[in-house]
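The sequence and the model come first, and notes grouped by topic follow.

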Amino acid sequence: MFLNPLPFGAGVTSSEALALCVPIVAYSSSVPGVGVHSRTLAQSSRSSILQFALAQIATLGPEFVERMVVYSSSVEGVAGEMPQEDIDRYVSRAVELASRSTSADILRRDICSVSSRLFGSDQLERVTAEWQQLLERLV
């Protein structure tokens with residue numbers, strides 16, 4: 001299992017984990033259905049390096065978002081801070097996946113079965129173009 005680090009995100013390392021079919025536990029500071037999450041995670045997070053793992057999980061499919069993403073419990077959160085309740089839920093999700101080898105194995109198998117959603121040739125071309133655009137904006 002791979003823990004997406006907080007508050008910055010793992011970026012390319014999360015992609016490498018998913019390429020190896022390793023389950024990720026990620027935290028979203030947004031509450032589903034509020035603000036940025038009124039759109040899909042993939043739409044809202046795709047261009048942010050900080051939210052790269054969330055976008056990748058969303059691209060795998062909604063069933064993976066449900067299994068690997070811990071959402072904020074509060075709309076009133078402070079930017080860059082994670083409420084204690086959310087920390088507890090994040091740790092619980094990680095411990096649950098780590099301690100249930102059967103669940104982790106099933107999730108690993110499921111990630112492998114849909115990995116072409118992330119790593120097929122169309123997706124690689126799109127991601128490469130997004131990275132190129134980002135780097136050009138930075139220069």
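**Briefing on the predicted model**

V95 is partly exposed, with a relative accessibility of 48%; buried means under 20% relative accessible area, exposed over 50%, and partly exposed in between (1.4 Å probe, protein chains only). This is a predicted model, in which local features need pLDDT of at least 70 and side-chain atom pairs count only at pLDDT 80 or more, while totals for chains, interfaces and linings use all residues. Residues are numbered from 1 along each chain as its sequence is written, and side-chain values use heavy atoms, with hydrogens and water left out.

**Overall architecture**

- The protein chain has 8 helices and 3 strands; helices (H or I, at least four residues) and strands (E, at least two) are DSSP runs, numbered from the N terminus.
- Along the sequence, these elements follow the pattern β-α-β-α-α-α-β-α-α-α-α.
- Of the 139 residues in the protein chain, 37% are buried.
- Among contacts (heavy atoms within 4.5 Å) between residues at least 6 apart in sequence, 64% join residues at least 24 apart.

**Surface**

- The accessible surface of the protein chain comes to about 8000 Å², and 56% of this belongs to carbon and sulfur atoms; accessible areas come from the Shrake-Rupley method with a 1.4 Å probe, and for residues only the protein chains shown count as cover.
- V95 lies in helix α5 and, together with I87 and V91, makes a nonpolar surface patch of about 220 Å².
- Patches are made of residues with over 30% relative accessible area and no salt bridge, like charges being joined within 9 Å and nonpolar side chains (Val, Leu, Ile, Met, Phe, Trp, Tyr) within 5 Å.

**Nonpolar core**

- The largest nonpolar core holds 27 residues, of which I24, I57, L60, F64, M68 and I111 touch the most other members.
- At least two residues of this core come from each of α1 (12-19), β2 (24-28), α3 (52-60), α4 (62-68), β3 (69-71), α5 (84-99) and α6 (101-113).
- A nonpolar core is a set of buried Ala, Val, Leu, Ile, Met, Phe, Trp, Tyr and Cys residues joined through side-chain atoms within 4.5 Å.
- Apart from neighbours within four places in sequence, F64 is in contact with I57, V69, L107, D110, I111 and V114.

**Disulfide**

- The whole structure contains 1 disulfide, a term for a pair of cysteine sulfur atoms within 2.5 Å.
- C21 is joined to C112, with an S to S distance of 1.8 Å.
- The two cysteines are 91 residues apart, C21 in the loop between α1 and β2 and C112 in helix α6.
- C21 is buried at 7% relative accessible area, whereas C112 is partly exposed at 39%.

**Salt bridges**

- The whole structure contains 6 salt bridges; each is a side-chain nitrogen of Lys or Arg within 4 Å of a carboxyl oxygen of Asp or Glu.
- R117 pairs with E63, their closest N and O atoms being 3.9 Å apart.
- R117 lies in helix α7 (residues 116-119) and E63 in helix α4, 54 residues apart.
- D110 and R67 form a salt bridge at 3.0 Å, N to O.
- D110 belongs to helix α6 and R67 to helix α4, so this pair ties together parts that are 43 residues apart in sequence.
- D110 is buried at 16% relative accessibility, while R67 is partly exposed at 28%.
- R108 forms a salt bridge with D105, the closest N and O atoms being 3.1 Å apart.
- R108 and D105 are separated by about one helical turn because they are 3 residues apart in helix α6.
- Salt bridges with shared partners join R67, R109 and D110 into one network.
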